[in-house]
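I opened my notebook to get to know a structure that was new to me. Here is what I looked up, entry by entry.

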Amino acid sequence: MSLDERDRKDGLKFIVGTWEPDFIVSLFSNDLAHIPATEFKSSDGTDFTALKFEFFQDNTMKFIDTAKGVEEAGTWEQLSWGKFKYNVDRFAEVPDGPFKDAVQELSIIEGNLVFGLGFLSISLKKIADGEVTEVKEPDIGDLEPSEADLAMKDIVGVYRTYKSVAFIDGKIGVFTKEEIEAENAKKIAAGEMDEGEAAESLFAFENSIEFTDDHRVVWWEKVPAGVSEEQIKAALDAGEIADYKDGMYSRGTKEWKAVGGKYYYNTEEHRMLFDEVQSPWDELVLAEDGTIALSGGMLIIKKIK
C-alpha cells in the first residue's frame with residue numbers, strides 16, 4: 001500500500017514522542033491476558049517500563065534502558081498506514097529472519113504501538129508527545145498566477161448541467177436529464193413518485209453556471225414560476241439576490257483562477273479534516289467534450305457557449 005502525504009503527516013504526528021511498555025501478552029497463555037508492564041519483571045526485579053522509545057520528526061530515535069543506563073541512537077521509517085520500522089545498532093548483531101523482523105516492526109493496535117519479542121507481544125503507550133513542526137503548504141488562493149496562467153481562458157463560457165446525481169436501478173450515480181426523466185416516468189407509473197417530486201429531481205438541469213473573463217463564477221438559477229418583475233426588483237433592492245437576466249437570477253459570485261497551468265474554483269466552503277482546515281479551492285478539469293466535474297463528481301456541467 002502506497003503512502004500519500006496525508007498518511008505520512010498523520011503517521012508523523014502519531015509516532016513522534018516518548019513511548020514505554022504498557023502491557024505484555026504471552027502467546028503461550030490460554031486467554032492472551034494483558035499483563036501490566038509493571039508486573040512483568042526480569043530476574044533482577046526490573047520491570048518493562050524501564051524501556052523507553054523516543055521518536056523524533058527527523059526520523060531519528062533513541063532506545064533507552066533506564067535500569068541499565070543504556071541509551072542508543074537509531075532511525076525509524078513509516079512502512080504503511082499503521083506500520084513503522086525502527087533500527088538501532090545492536091540489531092546488526094541479530095541474524096536476519098522472522099525474530100528480527102518482528103522486533104523491528106511496530107504496528108498500531110488500539111492506539112498503542114506493538115512489536116513482537118519471541119513469544120511475547122509488547123504493547124507500547126505514548127507517555128509524552130514530541131515536537132512536530134507544522135509546514136504549511138501555500139494554499140491555491142495564496143498563489144499568484146503567472147502570465148501564462150492569466151492567458152488561460154478556455155474555461156470561460158456558459159455551462160448547463162449535463163449530468164446530476166440520482167438513484168437509478170438500485171445505485172447512486174450521475175445521469176443525464178433524459179435518463180432521470182425515464183426513471184421518473186417508471187416511478188410515477190408505479191406510484192412511487194408524484195409529478196412534483198419528478199420536477200424537483202430535474203431542478204439542477206434548469207440552472208446554468210458562467211465562468212467570466214474576469215475570473216468570476218456566477219451560478220444562475222431559474223426564477224420560479226409566478227414571480228413578478230416587481231418581486232424580482234424588490235429582491236435586488238433588498239440584496240436578497242445579486243443579479244437578474246433572461247429569466248435567471250444569481251445569489252452572488254465566486255472566483256476561479258489558473259495557477260501552474262491548472263484551473264481552480266473557490267467553493268468558499270469551510271472544510272475540516274482531522275481537525276485541520278482544508279483548502280476551499282477545487283481543481284477544475286475541462287474535458288475534451290467541454291464537460292467539468294463539480295462537487296466531487298456529483299455534478300457534471302457542459303459548455304453551451
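**Entry 1: charges over rings.** I began with a working rule: a charge sits over a ring if NZ of Lys or CZ of Arg is within 6 Å of the ring centre and within 35 degrees of the ring normal. I also noted that this is a predicted model. With the rule in hand, I looked at Lys-257, and its charged end sits over the ring of Trp-281, 5.4 Å from the centre. I then turned to Lys-302, which lies over the face of Tyr-162, at 5.0 Å from the ring centre.

**Entry 2: aromatic pairs.** How many aromatic pairs does a search of the whole structure find? I got 9. I picked out Phe-53 and Tyr-86, whose ring centres are 5.7 Å apart with the planes at 85 degrees, so I wrote this pair down as edge-to-face. Phe-53 belongs to strand 3 (residues 51-55) and Tyr-86 to strand 6 (residues 83-88), so the pair ties together parts that are 33 residues apart in sequence. Phe-53 has 1% relative accessibility, so I count Phe-53 as buried. Tyr-86 has a relative accessible area of 4%, so Tyr-86 is buried too.

Next I looked up Trp-76 and Phe-84, an edge-to-face aromatic pair with 6.0 Å centre to centre and 65 degrees between the planes. Trp-76 is buried, with a relative accessible area of 6%. Phe-84 counts as buried because its relative accessibility is 1%.

Entry 3: Which way do the side chains of strand 12 (residues 208-211) point? I saw Ser-208 and Glu-210 pointing one way and Ile-209 and Phe-211 the other way, and all are buried.

I then asked what strand 12 pairs with. Strand 10 (residues 157-168) pairs with strand 12 in the antiparallel sense, over 4 bridges. In this pairing I found Ile-209 of strand 12 as the bridge partner of Tyr-159. Strand 13 (residues 216-222) also pairs with strand 12 in the antiparallel sense, over 4 bridges. There, Phe-211 has Val-217 of strand 13 as its bridge partner.

**Entry 4: turns and positive phi.** I followed the chain from strand 12 to strand 13 and found a hairpin, with 4 residues between the two strands. His-215 is in the turn, and its phi is positive, about 70 degrees, although His-215 is not a glycine. I noted Glu-268 as well: its phi is near 65 degrees, a positive value in a residue other than glycine. Glu-268 lies in the loop between strand 16 (262-266) and strand 17 (271-273).

**Entry 5: the surface.** Which residues form a nonpolar patch on the surface? I listed Leu-27, Phe-28, Leu-32 and Phe-119, with about 450 Å² of accessible area together. I followed up on Phe-119, which lies in the loop between strand 8 (112-117) and strand 9 (120-129). Its relative accessible area is 42%, so I wrote Phe-119 down as partly exposed.

Note on methods. Residues numbered from 1 in each chain as written. Predicted model: local features only at pLDDT ≥ 70, side-chain atom pairs only at ≥ 80, totals over all residues. Heavy atoms only, no water. Patch = residues over 30% accessible without salt bridge, like charges linked within 9 Å, V, L, I, M, F, W, Y side chains within 5 Å. Areas by Shrake-Rupley, 256 points an atom, 1.4 Å probe, with all protein chains shown as cover. Salt bridge = Lys/Arg side-chain N within 4 Å of Asp/Glu carboxyl O. Buried < 20%, exposed > 50% of the residue type's maximum accessible area, 1.4 Å probe, protein only. Pairing = 2+ DSSP bridges. Phe/Tyr/Trp six-rings, centres within 6.5 Å; stacked < 30°, edge-to-face > 60°.
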